[in-house]
Each structure stands twice: as C-alpha cells, then as structure tokens.
Amino acid sequence: MSAPLLSTHGLQAFYGDFQALFGIDFEVAAGEVVALIGANGAGKSTLLNAIMGAIRVAPDMVRLDGAPTGGAAPHVMVAKGVGIVPEGRRLFTGMSVEDNLRVAIDHSAGGNDAWTLERVYALFPILKDKRRDLVQSLSGGQQQMVAVARALLNQPRVLLCDEISLGLAPKVINEIYAAIPSISDAGTAIVLVEQDVGLAKKASDRLYCMLEGKVTLTGKSADVSREDISAAYFGAGHAVA
Amino acid sequence: MQWLDALIQGVLLGGLYAQYALGMALMFGVMRIVNISHGDLMILLALVGVSLAVSFSLGPFVLLVLLVPIAAAIGYVLQHAVLNRVVSQDPLPSIIATFGLSIAMQNAMLQIWSADTRSIPGGGIEQASWQVGPIFIGVLPVIVLVVATALTGGLDAVLRFSKFGRALRASAADVEAAALTGINPKAVYAWATALAVGILGFAAVFQGLRSTVAPSDGPAQLIYAFEAVIIGGMGSVWGAFMGSMVLGISQAIGFRISPGFGILAGHLVFLAVLAVRPQGIFGRS
C-alpha cells in the first residue's frame with residue numbers, strides 16, 4: 001500500500017468521562033476504499049467524528065498527508081480535503097436540493113474542482129430533475145444521494161461515509177454503491193462505515209472491524225473470511241495479514 | 001375618509017416597525033437567537049446618533065452613513081464576544097445573557113444620557129408633508145417606508161441568492177451538519193448579527209427623527225419587533241415586513257377608535273393571530 005493519505009495513531013476519544021475509543025490505529029491511501037464494520041456502539045461513527053474534529057482529540061492522533069490535524073474544527077478539516085456523508089444524512093431542510101449542493105460548492109476544499117454540479121447530476125440523474133424541490137420532499141434514497149453529492153462537491157481527497165445504506169431499499173443501496181468505484185477511481189480515498197458486512201466486503205479494498213472502541217480485525221477485504229469477521233465482530237481477537 | 005387616513009398612516013408606521021423587525025427576523029426567525037437587548041440596541045444607536053448629530057451638526061443622511069457601520073460593528077462584537085458562547089439548541093442561555101445585557105445597557109444609557117427624551121434634528125424633513133385631498137402624508141414616513149421596503153428586498157435577496165445567505169440558512173437548519181460541510185457557523189452568525197444590528201442603525205436614525213428616544217424605550221420596541229415577526233411567520237423576511245404592516249395598521253385604527261386604544265389594538269391583533277394562525281401569516285405549519 002502507498003503512503004497513507006489519512007491516518008490515526010493511538011486515537012483515544014471520550015464523551016465526557018466515558019472513553020469511546022481505545023488507541024485506534026487506522027489508515028487509508030489515495031484511491032483506496034476502506035470499510036469500517038462493527039456492531040452498534042463499536043465506535044465506528046465516533047472514529048469518523050474524531051477524524052472530522054466533531055470530537056476533540058490530541059493533534060498527533062489524526063494525520064493528513066503526515067501532518068497532525070487532530071482537534072482541528074470540522075470546517076477546517078473540510079478545507080483540508082476531508083469530506084463526510086454524516087449518519088442520518090443531515091441535509092439542510094427548508095432549502096432546495098440545489099441550494100444544499102451549492103452550500104458545499106461555496107465551501108469546498110481549495111485547489112481542486114473535480115466535482116461539479118453537472119458531474120454529480122450525471123452520477124445521480126434523479127437529482128437534476130429534483131433540483132428545485134425542497135430537500136425534505138425527496139425519498140430517503142434520493143436524500144442519501146443529495147448527502148453523497150453534497151460531500152463530493154466539497155472536493156474531498158478523503159470521503160467518509162457513515163452508514164449510507166441505513167434504512168434504504170436494496171435497489172437504492174445498489175444505486176448508491178454503484179457510484180463508489182467512479183469516486184475512488186478519481187483518486188479520492190473512501191472510508192465506508194457499514195453494518196452490512198457483505199456489502200462492505202464487496203465494496204472495499206480493505207476493512208477494519210471494531211468492537212467496543214478497539215480494532216479487532218484488519219485485512220484485505222478479499223482475504224478476510226466470514227469466520228474471522230464473525231469472531232472479530234462478536235468478541236474473540238483476530239488479526240489477518 | 002378617516003379610516004383611509006388610518007390605513008395610510010398605519011402602513012407608514014409599519015415601515016418603521018419593519019426596520020425594527022428585520023433584524024429580529026434574522027436573529028430570532030432564522031438563527032433562533034432570542035435577543036432581549038434588540039430594542040435597547042436600537043435606542044443606544046439612536047442616542048449615539050443624537051449625540052453625533054448635535055455635536056457635529058450632522059444631517060440625517062451623513063448620520064446614517066456613520067451610524068450603520070457603527071451598528072454593524074456592535075452587532076459583530078456582540079455575537080463574537082457574547083452570543084457565540086451561549087448559542088445552542090437551548091434558547092435559555094441566550095435569553096438570560098441578552099436580558100442581562102438589556103438591563104446593563106439601560107442603566108449605562110441612563111448614566112450617560114439621563115432619562116430625558118431626545119430626538120435627532122432633521123432640518124425640517126420631519127415636519128414636511130404632502131397633502132392629498134384631506135389627507136396629509138408625511139415625507140419622512142414615506143422615506144422610512146421606502147427604505148424599509150428596500151432593506152426587506154435586499155435582505156431577502158441576500159438570504160436566498162448569496163453564498164452568505166445559503167451558509168446562514170444551512171447553519172440555522174443544522175449547525176453541526178453545516179460545520180461538516182465546511183461552514184464556520186460562528187463566523188457566519190457573527191456576520192449575520194452584524195447585518196441585523198446594522199439594519200437597526202437605519203431604524204435608530206428614523207426613530208430619532210420621527211419621534212423621541214429615551215433610555216427606557218427599548219423594551220417597547222422589542223415587543224413590536226417580536227410581534228411583527230410572529231404575526232408574519234418565523235423565518236420569512238417578507239413575513240416580518242407584512243407583520244409590521246398589520247401591527248402598524250392595527251395601531252393606527254386603534255388610535256382612531258380611541259387615543260388610548262392604539263397600542264392595545266396592536267397587541268390584541270397579535271394575540272388573535274397567535275390563536276388563529278400560530279405559525280404566522282407567511283409561516284408554514
């Protein structure tokens with residue numbers, strides 16, 4: 001694997017006195033798709049939030065291009081090239097689809113304009129037809145497409161996707177996941193937090209399995225067996241090369 | 001004919017209320033920040049305007065050019081230094097902080113300017129009027145209405161079409177998601193409050209020209225601004241404008257019924273709107 005674009009080093013995160021993450025070492029390279037799997041409460045979303053600066057961590061615990069970025073505010077992380085599709089979509093209700101997307105264009109990371117409105121409309125054609133509609137009037141799947149498109153228009157070098165398949169019909173999930181190769185082919189690193197293990201394995205180059213705030217398994221997605229994942233997901237510590 | 005006169009005077013009075021209400025529409029209606037010191041800020045600016053106008057013999061236009069940037073700067077500092085520290089999903093901290101600020105400002109103004117009522121010298125414009133049949137239409141109230149309409153249209157355009165407006169609407173919809181989309185919400189809020197209090201700079205000059213101001217007048221202006229925003233519907237700039245018109249017309253008609261009934265008539269219409277259409281005329285249920 002080439003040098004990591006984004007990495008965490010012994011990352012610990014807390015909610016008040018409660019420790020949610022215990023020394024997470026994680027990395028993703030440019031153009032790579034990495035899946036983060038684990039049960040509810042394993043710490044997957046907390047890891048993404050810590051990377052994004054939504055949870056304060058020590059500077060050296062998160063590195064982008066080798067430079068410490070831990071504790072930087074979320075808008076600073078976006079400016080540095082880390083985008084996120086947040087859990088639950090978190091769209092701006094009361095605004096049209098296109099205004100939601102324009103907010104991301106207005107605040108995109110500098111030095112890159114790979115993603116344009118035309119390009120995200122080509123990726124999700126339905127959004128072009130719905131561009132003037134209020135975002136809350138869209139179906140769940142269409143809203144998820146807006147959330148992905150919005151994150152892409154931030155021009156991220158690393159795209160963090162938090163449970164983008166949650167609550168969606170299989171056909172819609174397939175539509176959204178079909179977009180992932182064309183995103184990573186452009187050199188964007190993708191981190192997929194996913195509860196559907198089969199989907200995560202299929203869509204990713206490597207995967208990390210988390211349990212109770214720790215990484216219990218890491219390896220190439222194609223090489224990791226269902227038994228290894230099952231053990232890491234539910235309890236016994238495993239490491240696959 | 002006296003009811004037509006009441007209607008016209010009510011619309012003109014609504015122009016002044018719209019200038020109080022626009023900043024409130026932005027802070028309360030869009031940002032959901034309850035600024036209890038809104039009226040006191042306007043009175044402070046009007047008293048500063050009186051002192052500047054008297055000390056340097058400034059005309060109303062020069063005073064506007066000076067006072068609006070001062071107002072915007074005060075708004076920016078207020079949000080940056082005070083309100084950004086207490087803004088959250090819970091409105092109570094901002095209510096308490098601005099309530100304290102309101103009391104402190106009233107006492108400071110009393111100390112500096114005393115309890116006397118004062119007004120801004122307008123060089124005769126405040127008395128000028130046009131006669132249309134039996135009805136007299138004041139030149140200054142017409143200017144106030146025109147400026148209020150222009151400010152409403154401008155603010156609406158800024159909110160709908162500018163990068164800043166989109167960032168503000170996004171931050172108001174979901175502040176955490178806005179930050180995750182690259183917006184610095186605290187900076188956006190500071191500029192929005194600068195805009196809101198900057199608009200109060202216009203209101204302060206026109207209030208000082210049209211009427212008199214005293215340090216204890218702020219709470220009454222705050223009530224008018226709140227009522228206008230709620231009558232019109234939260235989050236709608238043109239709603240606040242129309243709410244101001246409803247309030248102004250209600251008061252003008254009330255004054256015609258009985259001189260002591262005008263202010264109460266406005267409050268009663270506000271209560272009636274709350275009872276019948278709590279989301280306001282332009283608000284979505």
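**Figure 1. Chain A has a radius of gyration of 17 Å in this predicted model.** A compact globule of 241 residues would come in near 18 Å, so chain A agrees with that. (The radius is taken over C-alpha atoms, and the globule rule is 2.2 Å times the number of residues to the power 0.38.) Along the principal axes, the C-alpha atoms of chain A fill a box of roughly 50 × 35 × 35 Å. Ten helices and ten strands make up the count for chain A; these are DSSP runs numbered from the N terminus, with helices being H or I of at least four residues and strands E of at least two. Buried residues account for 48% of chain A, where buried means 20 or more other C-beta atoms, placed from the backbone, within 10 Å of the residue's own.

A word on the numbering and the model: residues count from 1 along each chain as its sequence is written, while chains are lettered from A and ligands numbered from 1 in the order in which they are written. Since it is a predicted model, local features need pLDDT of at least 70 and side-chain atom pairs count only at pLDDT 80 or more, but totals for chains, interfaces and linings use all residues.

**Figure 2. Here is where chain B meets chain A.** On this interface, 15 residues of chain B are in contact with 23 residues of chain A (contact: C-beta atoms, placed from the backbone, within 7 Å). The largest share of chain B's side, six residues, comes from α6(B). That side divides into seven nonpolar, three polar and five charged residues (Ala, Val, Leu, Ile, Met, Phe, Trp, Tyr, Cys and Pro count as nonpolar, Asp, Glu, Lys and Arg as charged, and the others, Gly among them, as polar).

**Figure 3. Helix α3 of chain B has a kink of about 40°, centred on B:Gln79.** The bend is the angle between axes fitted to the seven residues ending there and the seven starting there. B:Gln79 is also one of the helix's buried residues, which include B:Leu67, B:Ala71 and B:Leu78. Among the elements covering them are α2, α4 and α8 of chain B.

**Figure 4. B:Phe241 sits in helix α10 (residues 237-257) of chain B.** Why does B:Phe241 count as buried? Because 27 other C-beta atoms lie within 10 Å. Setting aside neighbours within four places in sequence, B:Phe241 is in contact with B:Ala18, B:Thr152 and B:Gly232. B:Ser258, 17 residues away from B:Phe241 in sequence, is 26 Å away, C-alpha to C-alpha.

Notes. Buried ≥ 20, exposed ≤ 12 C-beta atoms within 10 Å, placed from the backbone. Contact = placed C-beta atoms within 7 Å.
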